[in-house]
Amino acid sequence: WLFFDINRIPEGELIDQIESPSGEYSLSIYLVNGGATVSYAIRGELAYNQLNKMSKNIYWNYKEETALVKWIDNNTVDINGHIIDVRYQVYDWRR
């Protein structure tokens, strides 16, 4: 389980930060450099702006170097074509 835990992925370099329409969430997008033998990846970390909750990883995709992010509504975000309800879902390419 340690190998596939989305919360144990590398941090990466911050490339963008997008706030939800209501201001309830902030989504930070990171570019993760896997090193000489592994491709780049994109990680999305959701922060709760109005609640006292820890941030969580909601997006992890391999072989990506950019992220096109669009909030669809207050709870739903589109990251590179993957639609995620941030209250309940995550996208992890390994699953």
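K63 sits in the loop that links strand 4 to strand 5. Strands here are DSSP runs of E with at least two residues, and helices are runs of H or I with at least four residues; both are numbered from the N terminus. K63 is not a glycine, yet its phi is positive, about 60°. K63 counts as exposed, at 61% relative accessibility. Buried means under 20% relative accessible area, exposed means over 50%, and partly exposed lies in between (1.4 Å probe, protein chains only). N80 also has a positive phi without being a glycine, with a value near 50°. N80 belongs to the loop between strand 6 and strand 7 (82-85). Its relative accessible area is 25%, so N80 is partly exposed.

The model is predicted: local features need pLDDT of at least 70, side-chain atom pairs count only at pLDDT 80 or more, and totals for chains, interfaces and linings use all residues. Residues are numbered from 1 along each chain as its sequence is written, and side-chain values use heavy atoms, with hydrogens and water left out. pLDDT is the predictor's confidence in each residue, on a scale from 0 to 100. The chain has a mean pLDDT of 88, and 88% of its residues reach 70 or more. Over residues 1-5, pLDDT stays under 50. For this segment the model has 8 contacts (heavy atoms within 4.5 Å) beyond four places in sequence. Where pLDDT is low, predicted coordinates should not be read in detail.

The chain contains 8 strands and 0 helices. Along the sequence the pattern reads β-β-β-β-β-β-β-β. Of the 95 residues in the chain, 38% are buried. Among contacts between residues at least 6 apart in sequence, 40% join residues at least 24 apart. The chain exposes about 6000 Å², of which carbon and sulfur atoms supply 49%. These areas come from the Shrake-Rupley method with a 1.4 Å probe; for residues, only the protein chains shown count as cover.

An open sheet is formed by 5 strands, in the order 1-2-3-4-8, with mixed pairing. Its edges are strand 1 (13-19) and strand 8 (91-92), each of which pairs on one side only. Two strands pair if DSSP finds at least two bridges between them. Strands of a sheet pair through backbone hydrogen bonds, either parallel or antiparallel. Strand 4 and strand 8 run parallel and are joined by 2 bridges. Y59 has Y91 of strand 8 as its bridge partner.

The largest nonpolar core has 16 residues. Such a core is a set of buried Ala, Val, Leu, Ile, Met, Phe, Trp, Tyr and Cys residues joined through side-chain atoms within 4.5 Å. L27, I58, W71 and V77 touch the most other members. At least two core residues come from each of strand 2 (25-32), strand 3 (41-48), strand 4 (56-62), strand 5 (69-71) and strand 6 (76-79). Strand 2 supplies the largest share, 4 residues. Leaving out residues up to four places away in sequence, W71 touches I18, E19, S20, P21, Y25, L27, L46, T76, V77 and V86.

R43 is buried, with a relative accessible area of 3%. The side chains of R43 and N57 are joined by a polar contact of 2.6 Å. A polar contact is a pair of N or O atoms within 3.5 Å; within protein, one must be able to donate a hydrogen and the other to accept it, and residues adjacent in sequence count only if both atoms are side-chain atoms.
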